[in-house]
Amino acid sequence: MSRITVSTLQQMKDAGEKISTITAYDASFARQFDNAGIHAILIGDSLGMVLQGESDTLPVSVDDICYHTRCVRNGVNNTLVLSDLPFMSYATPEQTYANAAKLMQAGANMVKLEGGAWLYETVRGLVDRSVPVCGHLGLTPQSVNVFGGFKVQGRNSKKAEEMIDHAKGLEAAGIQLLVLECIPTELAKAITDAVSIPVIGIGAGNVTDGQILVMHDALGISYGKVPKFSRNFLAETGNIEDAIKLYIKDVNSGTFPAPEHGFS
């Protein structure tokens, strides 16, 4: 497999090929996932919960993401590396540029941020400064206190239309990838059809251009409540690399996520 870039992901969408993405936070797991053929690895602010034991992602710092980005970068040869901008690290365009530079210098190929219309100017500025951007709509975990918990988003028609508009606006501003989290499958389909960039789902059904899972969920090592949209691929294979290969295979065939992993 040759090195994957944002152009590769666009070519995959255009060809109708599914994109498989997973989180990782260190070189060892990243190497396993890279060897298995995963298309992209996200160093997510989910590390606050799965590595640091926090109740949400808010305590995660830019330095935390930089450290784990560097670790992942050292473990991969071909996989695209995507890094989260954590809570309040992109409140202003100037702050965003400085923090995005840190993540890119740590080894990221792309940065991800959460939000809609208020980010258009920031996205344009990042793209103008040669930073590829991934958007994130739906259940945006950094907004957990606004949402009143980790809840499915976009279930009423007004919110659904607003999310479609935000997806189009973010694409116009220059994002090259979009993550949709915990939204109704029907809305995920509408957004995927409304934009020309690749759309990656988590708890958004199998109608998007690809999927992402937190590695701890995909390998069955999460503690506490297991998300509805997850599946333990390690239990089915008994081997980490084979588990990721099965994940990739089932995403590509459309058998994962199954209807029971989605929301209406």
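1. Let's start with helix H12: its buried residues pack against strand S1 (19-23), helix H2 (27-36), S8 and helix H11 (233-237). Keep in mind that this is a predicted model. The buried residues of H12 are Ala 243, Ile 244, Leu 246, Tyr 247, Ile 248, Asp 250 and Val 251. For a bit of background, an α-helix has 3.6 residues a turn, so residues three or four places apart point the same way.

2. How far apart are the end C-alpha atoms of helix H12 (residues 240-253)? They are 20 Å apart, and that agrees with the 20 Å that 14 residues should span at 1.5 Å a residue.

3. Now have a look at the two ends of H12. At its start, a side-chain oxygen of Asn 239 comes to within 3.0 Å of the backbone nitrogen of Glu 241. Just after H12, Gly 254 has a positive phi of about 85 degrees. Pro 257 sits in the segment after H12 too, and a cis peptide bond, with omega about 0 degrees, joins Phe 256 to Pro 257.

4. That Phe 256 and Pro 257 pair turns up again in the lining of the largest cavity, along with Gly 201, Gly 203, Gln 211, Ile 212, Leu 213 and Phe 229. The volume of this cavity is about 30 Å³, and the structure holds one cavity of 30 Å³ or more. Strand S8 (residues 210-213) gives the most to the lining, with three residues. Sorted by class, the lining has five nonpolar, three polar and no charged residues.

5. What about the largest pocket? About 950 Å³ of space lies in it. Helix H3 (47-50), strand S6 (177-181), S8 and helix H10 (215-218) each give two or more residues to its lining. Of the 37 lining residues, Met 49, Phe 150, Asp 217, Pro 227 and Phe 229 lie nearest the centre of the pocket. By class, the pocket lining has 19 nonpolar, eight polar and 10 charged residues.

6. Met 88 is not a glycine, yet has a positive phi of about 60 degrees. You'll find Met 88 in the loop between strand S3 (80-84) and helix H5 (93-106). Cys 182, also not a glycine, has a positive phi of about 50 degrees and lies in the loop between S6 and helix H9 (185-194).

7. Are these two buried or exposed? Met 88 is exposed, with a relative accessible area of 52%, whereas Cys 182 counts as buried at 5% relative accessibility.

Terms used:
Residues numbered from 1 in each chain as written. Predicted model: local features only at pLDDT ≥ 70, side-chain atom pairs only at ≥ 80, totals over all residues. Heavy atoms only, no water. 1 Å grid on protein atoms, 1.4 Å probe; cavity = no way out; pocket = protein on both sides within 12 Å on 5 of 7 lines; lining within 4 Å. Points joined across faces, edges and corners; volume = space filled by probe spheres on them. Helix = DSSP H or I, 4+ residues; strand = E, 2+ residues; numbered from the N terminus. Nonpolar A, V, L, I, M, F, W, Y, C, P; charged D, E, K, R; others polar. Expected span 1.5 Å × (residues − 1). Buried < 20%, exposed > 50% of the residue type's maximum accessible area, 1.4 Å probe, protein only. Contact = heavy atoms within 4.5 Å. Polar contact = N/O pair within 3.5 Å; in protein donor to acceptor, adjacent residues only side chain to side chain.
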